[in-house]
Amino acid sequence: MKNLVAALVTVGVTALGTMGSALAQAQTNCSVWLVESSRFMNVPFGAFMPDRAYVPDSTNPMNNIPTVDLPVNVGVIKCGEELILYDSGWKQQDYLQMTGSDHWAALPEQLKMLGFQADQVTKIVVGHGHWDHAGQLSDFPNAVLYIQREELNGIEWALNYPNDKISAVNTDPGGCMRTPACGYTPLTLDEIYGKVLAGQAVIVDGEMEVLPGIRIHPAFRAHTAGSQLLEVPTSIGKLVFGSDAYSSWEAIRDWMVANVQQTDSVQQFLAYEKCYNITGGYENCVAAHEPLSYTDKYPLTKNAWEGPNGSRMAEIALAPGERSRKP
Amino acid sequence: MMRGIRLAGRPVDPAARVRILLLSTVVLALLGVVGYALQRELTRQQATTPVATAVIDEPVRALTGEEQDYAAALWPIHSEVKLSAVAMSFAGIAYKLGEQNGPTLEARVQPLADSFGAAMMRARALRVPPSMVPLHERYLAALAQYENAAAEMVSATRDGKDAHLLAGQQMSLRATEDILRIGDMLWPGEYKPH
């Protein structure tokens with residue numbers, strides 16, 4: 001009898017293990033790439049990360065780098081038949097040169113290099129609604145936009161706030177970098193409105209599972225009012241995309257604030273903690289503007305190559321059976 | 001044996017010839033309509049954006065003193081226009097999400113329409129250096145587009161037709177792209193990394 005019970009327990013445990021493994025398999029079916037929408041050149045390091053402010057003649061590696069080039073990273077996530085973008089970069093057209101930026105490439109062109117067409121994109125989850133993260137929306141005709149209601153509330157709050165120094169768009173050249181909701185340009189709002197009009201917008205309230213295992217986590221005020229993270233299961237473990245809540249990967253690793261702008265630094269740290277909790281560390285946190293992106297110094301993104309117009313792209317994880325897109 | 005005319009060395013049935021003639025006539029007529037529409041569209045675009053090429057093709061260069069004065073004078077107007085444009089899109093979003101009804105949308109958009117009109121009046125009163133005239137005209141055209149977009153949104157509150165909202169959004173989008181073009185020339189670095 002004892003032996004029978006032991007055998008049944010063994011069978012049960014094995015069955016559970018198999019089910020768990022199957023479940024894990026079902027949730028680790030995403031392939032992930034990172035593409036650089038553009039690069040902001042020669043940004044003073046201290047403006048990006050106050051703890052890294054340049055001190056002339058300093059030999060301290062924390063403070064001896066005057067400027068950095070900041071990529072604008074976009075996540076490309078393929079889960080079965082679904083193609084998801086996390087953030088959508090921004091659009092540089094013939095007339096919008098964005099002084100100080102380089103290597104801009106159209107996201108549809110970058111996707112082509114990965115073997116995808118723009119009309120295959122089914123979902124765009126924007127980490128927040130700033131112009132350099134929520135652009136190009138109208139170039140993805142079949143994509144449904146996911147944005148937090150709190151993000152929209154934050155814009156409305158700023159629009160209606162009775163102080164003209166606290167406004168929703170740049171009201172002074174270079175002078176509106178740290179006011180609430182600053183960074184929402186007319187073009188970005190128009191494109192979001194276009195998605196709403198087309199019935200292709202999901203207004204998210206907090207946490208949401210967009211596909212099995214693909215989960216949006218709110219990170220309110222970790223950069224903007226309605227910032228959101230995206231958890232993605234892959235063959236190398238879970239990843240968490242953070243947009244500007246995770247502006248710098250080094251900042252997550254070393255617990256420093258980055259890209260403070262409208263950021264509540266405590267909420268940014270809580271967002272970092274969320275990545276540690278979900279992924280078990282800092283290695284799989286995907287940062288939007290990490291200067292070390294596409295190099296060995298940010299290992300997650302080191303499998304990189306050059307894309308259109310000198311932009312860079314990296315292959316982060318492949319689902320079983322997925323072919324490499326690296327040339 | 002088949003009867004009829006020969007086409008490419010093979011006999012063709014007379015009925016088939018009639019069908020071919022009819023089909024050719026229809027195709028030619030359709031081509032004519034498409035050609036006319038295309039010409040009309042191009043003509044209309046030229047009429048609404050008369051200085052597009054001049055503005056786009058002009059290389060980025062430092063502004064002269066009087067051009068800087070013009071840019072400085074236009075800036076406060078531009079700042080208000082951008083805020084109004086964002087507010088207009090936002091009003092449309094709130095309406096479509098069911099958070100606001102028609103009367104509320106109208107109450108929000110009508111003042112924005114007025115603000116675009118007022119901005120136009122103020123912009124018209126500016127002293128414009130000759131080199132900036134094409135650009136200035138384009139800015140005024142963008143303001144008119146915004147004003148028309150607002151009018152379309154108000155129309156939607158009256159007959160409930162989304163077509164007005166779609167038309168308005170497209171107008172607003174074109175106006176927005178235009179003021180971006182102009183902004184990139186007058187205020188390079190207007191938008192900072194965020």
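Predicted model: local features only at pLDDT ≥ 70, side-chain atom pairs only at ≥ 80, totals over all residues.
The secondary structure of chain B consists of six helices and two strands. Read from the N terminus, these elements follow the order β-β-α-α-α-α-α-α. Chain B has 194 residues, of which 42% count as buried. Among the contacts in chain B that link residues at least 6 apart in sequence, 70% are between residues at least 24 apart.

Within chain B, the packing of helix α3 with helix α4 (residues 102-124) was examined. The axes of α3(B) and α4(B) come within 10 Å and cross at roughly 160 degrees. Because angles over 145 degrees count as roughly antiparallel, α3(B) is roughly antiparallel to α4(B). The crossing of α3(B) past α4(B) is left-handed. In terms of residue class, 17 nonpolar, four polar and three charged residues make up the contact of α3(B) with α4(B).

The passage of α5(A) across α6(B) is a left-handed crossing. On the side of α5(A), the contact involves Pro186(A), Leu187(A), Asp190(A), Glu191(A), Tyr193(A), Gly194(A) and Leu197(A). These meet Leu165(B), Leu166(B), Gln169(B), Ser172(B), Leu173(B), Thr176(B), Glu177(B) and Leu180(B) in α6(B). By class, eight nonpolar, four polar and three charged residues form the contact of α5(A) with α6(B). One of the α6(B) residues in this contact, Leu166(B), is partly exposed, with a relative accessible area of 43%. The C-alpha atom of Leu166(B) is separated by 9.3 Å from that of Ala149(B), which is 17 residues away along the chain.

The largest nonpolar core contains 79 residues, and the members that touch the most others are Val76(A), Leu114(A), Ile124(A), Phe140(A), Leu74(B), Val81(B) and Leu186(B). Helix α3 of chain B (residues 65-96) gives the most to this core, contributing 14 residues. A second, separate core comprises 57 residues, including Phe40(A), Phe45(A), Val68(A) and Val72(A). Leu114(A), one of the residues named for the largest core, is in contact with Trp33(A), Val35(A), Val76(A), Trp305(A), Met313(A) and Arg325(A), when neighbours within four places in sequence are left aside.

In chain A, Ser38(A) belongs to strand β1 (residues 30-44). Ser38(A) is buried, with a relative accessible area of 0%. Apart from residues up to four places away in sequence, Ser38(A) touches Leu70(A), Pro71(A), Val72(A), Trp90(A), Asp102(A), His103(A) and Trp104(A). Among these, Val72(A) is also a member of the second core.

Backbone geometry was considered at two loop residues of chain A. Asp87(A), located in the loop between β3 (82-86) and β4 (101-102), has a positive phi of about 70 degrees although it is not a glycine. Since buried means under 20% relative accessible area, Asp87(A) counts as buried at 1%. Asn259(A), in the loop between α6 (249-254) and α7 (265-279) of chain A, has a positive phi of about 50 degrees and is likewise not a glycine. At 6% relative accessibility, Asn259(A) counts as buried.

Conventions: Residues numbered from 1 in each chain as written. Chains lettered and ligands numbered in written order. Heavy atoms only, no water. Core = buried A, V, L, I, M, F, W, Y, C linked by side-chain atoms within 4.5 Å. Buried < 20%, exposed > 50% of the residue type's maximum accessible area, 1.4 Å probe, protein only. Helix = DSSP H or I, 4+ residues; strand = E, 2+ residues; numbered from the N terminus. Contact = heavy atoms within 4.5 Å. Axes fitted to C-alpha atoms, helices over the stretch in contact; angles between N-to-C directions. Parallel < 35°, antiparallel > 145°, perpendicular 65-115°, else oblique. Left-handed = near helix turned anticlockwise from the far one by under 90°. Nonpolar A, V, L, I, M, F, W, Y, C, P; charged D, E, K, R; others polar.
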